[in-house]
6 protein chains.
Amino acid sequence: MIYITRRERFCAAHKLSHPEWDATKNLEVFGPCSNENWHGHNFVLYVTVKGQVNPETGFVVNLKDLSPLIKEKVINKLDHKNINLDVEFMKGKMASTEVLAIEIWKQLSAPIKAIGVELHCIKIQETENNFVEYFGE
Amino acid sequence: MIYITRRERFCAAHKLSHPEWDATKNLEVFGPCSNENWHGHNFVLYVTVKGQVNPETGFVVNLKDLSPLIKEKVINKLDHKNINLDVEFMKGKMASTEVLAIEIWKQLSAPIKAIGVELHCIKIQETENNFVEYFGE
Amino acid sequence: MIYITRRERFCAAHKLSHPEWDATKNLEVFGPCSNENWHGHNFVLYVTVKGQVNPETGFVVNLKDLSPLIKEKVINKLDHKNINLDVEFMKGKMASTEVLAIEIWKQLSAPIKAIGVELHCIKIQETENNFVEYFGE
Amino acid sequence: MIYITRRERFCAAHKLSHPEWDATKNLEVFGPCSNENWHGHNFVLYVTVKGQVNPETGFVVNLKDLSPLIKEKVINKLDHKNINLDVEFMKGKMASTEVLAIEIWKQLSAPIKAIGVELHCIKIQETENNFVEYFGE
Amino acid sequence: MIYITRRERFCAAHKLSHPEWDATKNLEVFGPCSNENWHGHNFVLYVTVKGQVNPETGFVVNLKDLSPLIKEKVINKLDHKNINLDVEFMKGKMASTEVLAIEIWKQLSAPIKAIGVELHCIKIQETENNFVEYFGE
Amino acid sequence: MIYITRRERFCAAHKLSHPEWDATKNLEVFGPCSNENWHGHNFVLYVTVKGQVNPETGFVVNLKDLSPLIKEKVINKLDHKNINLDVEFMKGKMASTEVLAIEIWKQLSAPIKAIGVELHCIKIQETENNFVEYFGE
């Protein structure tokens, strides 16, 4: 079993606020992340898949297959977008990095299985000081 | 003459669009940066000042003086904000990294002179693949 | 289960030397790290916690709670200090990165449980070429 | 149990091509990596070992023992070399990062056991956008 | 006057050897860089241009114009190539980073002038420990 | 004229305190950097030299000449040392990064001239948030 990780990036806007809370409570819980006019990040996404090495190619998976799939299912939907407003799979959900990691897992798990490997980890780095990891359960 | 550089960071949303152009022209010129619902970045700001070394302290400038000044005049106004909507000194201006560098220079030049050194360069990194530098003229 | 990691930094002095060994043996075992006048590092600390996502906030843990706790229990005690001389929880212990990781685990494990999540990993990077990880057992 | 990781680097040339396939098929599968005149990378190798902390030294393993061993068994054979042509332990194998990780594991597993710790992971970063990890099984 | 820098990357093989020197002399002068079977690097290219800010766009130059031009004139000719064998503009020249920087300047200077800005600096990073800069004279 | 930069690193302890000031004044001016028991950093040194390209080698300077010279004159005297106590060329001087840059310039300027190039810049990075540059005047 070998693990291979592909790094991709997307620049997006978001805000953290609970729709049923007022501005004061949102500010108390989410601090400046609740700014009503949005803020944004250079998010870095690490997709780790695992599988056996194909003896003919030496590859677990051809990155020529994996990278376009990540772009199609995830990056194109998030890059230069507003996570709260523009992203179908985040509609009605909190735009936290944790929730984003779980929802990206749901977008990628089946398509990655379809190209012959298994999704192992979704890691998202939001700033140089924090990142989240999700392993599917 | 010694040059000293302080790095600070701010996470902000912005968009690039000319108010007198329609969506088609804005998309043509600015590409995905014109997304009406905003996108954002982890901007990195490098402020370089120059001066003589003070023989008593060994410092050109005490970072205990320089860093709070940058925070007060620039970072607090930009971090977790929308550059187009929330930032007084960017009102009515294009929210490009170039213009932002010039306007940050204007915010910092006099206050930095007031603490005894001279502003040399404002550098802003927008993504890992591009940055701008402005030397005041 | 989601894992979230907070990065913090501290600049500290230390030396590696066994109190019952002479300078020759300490030099033989620890090399230049045994320099009697100390040396130092920009240590980077990564604290990883795990837990369920709170559906109201989208957070595993609010970094507004986690970060000050790490600062209070660990960073304020280590930053701009001498690990051998100034740090209560390292008294009488070897000031290696391994031992430091274990002792930081002991400082953080209970307080992190008290804010509702579980400490998963303490990682300390000493130089760009080496780091240690401790998972509590 | 503590995990310690040593980072080493090597600059090498390689190409990906199946000896029984023609140029068209190799290009189709491996893309520009099949260029017959080679290309190359600054590979970064992370060797993670695990063990108990020695109470006398505070070390899991003395990096003065681990680092020369990695240099002798791996780095000296790969640095400024052609992976396909110059490296004994890669002869007749696909020069992919996955296969390289597995073969480096085979070179290091026993010697690392001989200095009292256990090899845990071989990680190789090929570019800033992809890396592989192998845990020995 | 504002300076803007675009970062691009290419993975290439090369070797350093003087065609009229024997292997012993080449090894003496160039060390392991003279390995006859090549070695390679992840080269990082920084192209800095300078100009006035266009008041309509806020840009010195639209990166949508600059980036494809760098790709067409330089990156596509170097990426996944052998600098000594595959690159027309390096034919008959030493494949050092210094010479490469000068030759890339020659490829880009006129095309960059044609899109309305002036080439200021070509910087090439060969490894994390060395880089060269060329300002055109 | 080509500029080439070599990066080297040293891990050292230091403190900032004026010998004629009491602890209160030193704390007021230097903050935690005045801790009497020292602190330390992973300092990163960038040495930039300039010169003409030698047409036979393609080099401005052979790094096989430059790097050992930097190690002998600077790194070996600073690495795993106490800058205030152990370093001859810093005796009686403030151990600030600014002063260190100027003194390293003095150590390297003549020896670098002796190998045929001119020292252009000494840059020292003390933490990820600050660095100084000195150009010799």
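Me: So how much area do chain D and chain C bury between them?
Reply: About 1700 Å², 54% of it on carbon and sulfur atoms; buried area here is the accessible area (1.4 Å probe) that two parts lose on being put together, summed over both. This is a predicted model, with local features needing pLDDT of at least 70, side-chain atom pairs needing 80 or more, and totals for chains, interfaces and linings using all residues. Residues count from 1 along each chain as its sequence is written, chains are lettered from A and ligands numbered from 1 in the order written, and side-chain values use heavy atoms, without hydrogens or water.

Me: How many salt bridges between chain D and chain C?
Reply: One, taking a side-chain nitrogen of Lys or Arg within 4 Å of a carboxyl oxygen of Asp or Glu. Glu128(C) and Arg7(D) form a salt bridge at 3.2 Å, N to O.

Me: Switching over, what's buried between chain B and chain A?
Reply: About 1800 Å², with carbon and sulfur atoms giving 45%. Asn37(B), Asn42(B) and His80(B) supply 30% of what chain B buries against chain A, more than any other three residues.

Me: How many salt bridges there, across chain B and chain A?
Reply: Four. Among them, Arg9(B) meets Glu128(A) at 3.3 Å, N to O.
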